[in-house]
Amino acid sequence: MVNPSSEDVEKFHRWSRTYERSLGQFFFFGPVHRAVLNLVEAHLGGRMPESVLDVGCGTGRLLRRAAVRWPTARLVGVDPAEGMIKLAQELTPSATFLVGKGEAVPLPDSSVDVAFSTVSFHHWHDQAAGLREIARVLRPHGLFCLADGVLPSIAAGIIAHRRIHTHREMAALFVDAGLDIASQTRIMAGGVLATVGAKS
Ligand SMILES: C[S@@+](CC[C@H](N)C(=O)[O-])C[C@H]1O[C@@H](n2cnc3c(N)ncnc32)[C@H](O)[C@@H]1O
């Protein structure tokens with residue numbers, strides 16, 4: 001049997017060739033990026049992050065937008081799909097892009113001020129391990145904003161989806177990983193939940 005996780009990564013590797021041109025960038029990914037950047041900027045309250053990480057970064061579009069807001073920040077993108085990372089590095093040579101997974105972030109402990117992950121978490125094979133990794137690489141008072149599809153609360157207990165969660169389940173995953181919940185906001189007409197966690 002094919003490992004579903006490697007199948008996902010292979011799919012994203014192939015998609016990298018057309019990813020930048022897909023219509024979804026305009027209607028979906030772009031608005032998600034703007035919403036999460038606005039949320040984190042509000043939580044930062046004027047502070048400038050020194051380092052910004054995007055896990056499951058694709059071709060690096062969120063980091064390119066982050067660079068406009070925080071021009072002095074060191075930008076790092078991590079993604080398991082080699083095609084995505086290769087293109088990201090070509091498009092944003094000033095940032096660092098690394099092949100890797102959320103479950104094993106290739107960065108030292110306490111080295112990141114702000115981390116993002118958009119529309120990627122439901123592909124992570126071991127989400128709890130991934131969140132522990134984010135908590136490990138965040139500096140004290142660092143922020144992590146995760147945006148992904150959300151199950152309506154009414155579906156809790158009826159639909160058991162292993163990798164898409166209700167807002168309560170998502171909050172519990174953050175807390176288990178050692179992250180305090182700073183906010184949970186529904187974006188994209190309620191279809192996407194942006195959870196901001198803080199490391200104490
Ligand atoms: C739909 S794309 C979203 C890319 C980007 N975050 C964006 O908003 O445009 C999902 C990304 O998650 C990546 N991904 C899949 N499994 C992952 C894992 N275990 N850890 C981190 N990223 C993963 C894929 O390779 C893909 O680039």
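**Notes on the fold and one surface patch**

1. Of the 200 residues in the chain, 51% are buried. Please keep in mind throughout that this is a predicted model, and that the values below are computed from it.

2. On overall dimensions, the radius of gyration of the chain is 16 Å, which agrees with the value near 16 Å for a compact globule of 200 residues. Taken along the principal axes, the box that the C-alpha atoms fill is roughly 45 × 45 × 30 Å.

3. As for secondary structure, the chain holds six helices and seven strands, and their order, starting from the N terminus, is α-α-β-α-β-α-β-β-α-β-α-β-β. When contacts between residues at least 6 apart in sequence are considered, 65% of them join residues at least 24 apart.

4. The chain exposes about 9500 Å² of area, and carbon and sulfur atoms account for 59% of that figure.

5. Which residues form a nonpolar patch on the surface? The patch consists of Leu23, Phe26 and Phe27, which together have about 410 Å² of accessible area.

Definitions and conventions
Residues numbered from 1 in each chain as written. Predicted model: local features only at pLDDT ≥ 70, side-chain atom pairs only at ≥ 80, totals over all residues. Heavy atoms only, no water. Patch = residues over 30% accessible without salt bridge, like charges linked within 9 Å, V, L, I, M, F, W, Y side chains within 5 Å. Areas by Shrake-Rupley, 256 points an atom, 1.4 Å probe, with all protein chains shown as cover. Salt bridge = Lys/Arg side-chain N within 4 Å of Asp/Glu carboxyl O. Helix = DSSP H or I, 4+ residues; strand = E, 2+ residues; numbered from the N terminus. Rg over C-alpha atoms; globule rule 2.2 N^0.38 Å. Buried < 20%, exposed > 50% of the residue type's maximum accessible area, 1.4 Å probe, protein only. Contact = heavy atoms within 4.5 Å.
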